[in-house]
Amino acid sequence: MRTALGRVGIFAPLISSSRTDKGVHALRQVSCVECTVHWELPRLKELINRHCAPYIFVQHISPVPRDFHPRYDAVARSYRYVLNHERPSPFLSDFCVFYPRVDLAALNAALANFIGEHDFREFMKSGSDIKSPVRKLYVARAYSFRNLTLINFKANGFLRAQVRLMVANALKSVQSGRKISFSRALSRIPFPPNGLYLSSVSY
């Protein structure tokens, strides 16, 4: 994106709503950059998409107040994790995690433990630089769609690798029959990044 902006003469810093690990995808990332007022926004969108293709696509451009910050003004973020139960395919492996079918009711029972306000220090990567590990989760729910299990999360914020660690612990809970614990995680190994998508940001 920075390269594409530079090619149309915009060199101001690009600020985005969410920082993600390598391999994580975004369906609705929100980014902000300062540019001169002479641009016609539909034309700017066309040029940026031309230079970003085929890996990034800008869906919408609009002006915002000068003090708008896409990260700090967000009140909630939503993520989706995709498990694929089909035969593994090298053509899809960058966009999902191939995994055996799972008991959906048991998975949702495990995920329900995350809902509410909790100290998630057991569900973040070590070495994370944060003021507080407390986050409030509004949604933690899985559902089936064809040969996929889609796991949705919504919270007022997420710690580094929190979603991938919650997925790992929920599936570990289903496998072992052990309950999710906030004092000692069932697994400290995050699930792979390729199954994770930033699905929306709320303001």
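This briefing covers salt bridges in the structure above. The model is a predicted one. A search of the whole structure finds 7 salt bridges. Two of those described below involve Asp 21, with Lys 125 and with Arg 164 as partners.

**Asp 21 and Lys 125**
- The salt bridge between Asp 21 and Lys 125 has its closest N and O atoms 3.6 Å apart.
- This pair links distant parts of the chain, as the two residues lie 104 residues apart.
- Asp 21 sits in the loop between β1 (15–16) and β2 (25–26), while Lys 125 sits in the loop between β6 (116–119) and β7 (134–145).
- Asp 21 counts as buried because its relative accessibility is 18%, which is under 20%.
- Lys 125 has a relative accessibility of 26%, so it counts as partly exposed.

**Asp 21 and Arg 164**
- The side chains of Arg 164 and Asp 21 also meet in a salt bridge, with an N to O distance of 2.7 Å.
- Arg 164 belongs to helix α4 (residues 162–176), and this pair too links distant parts of the chain, 143 residues apart.
- Both Arg 164 and Asp 21 are buried.

**Arg 121 and Asp 119**
- In the salt bridge between Arg 121 and Asp 119, the closest N and O atoms are 2.9 Å apart.
- Arg 121 is partly exposed, at 48% relative accessibility.
- Asp 119 is partly exposed as well, with a relative accessible area of 28%.

Notes: Residues are numbered from 1 along each chain as its sequence is written. This is a predicted model: local features need pLDDT of at least 70, side-chain atom pairs count only at pLDDT 80 or more; totals for chains, interfaces and linings use all residues. Side-chain values use heavy atoms; hydrogens and water are left out. A salt bridge is a side-chain nitrogen of Lys or Arg within 4 Å of a carboxyl oxygen of Asp or Glu. Helices (H or I, at least four residues) and strands (E, at least two) are DSSP runs, numbered from the N terminus. Buried means under 20% relative accessible area, exposed over 50%, partly exposed in between (1.4 Å probe, protein chains only).
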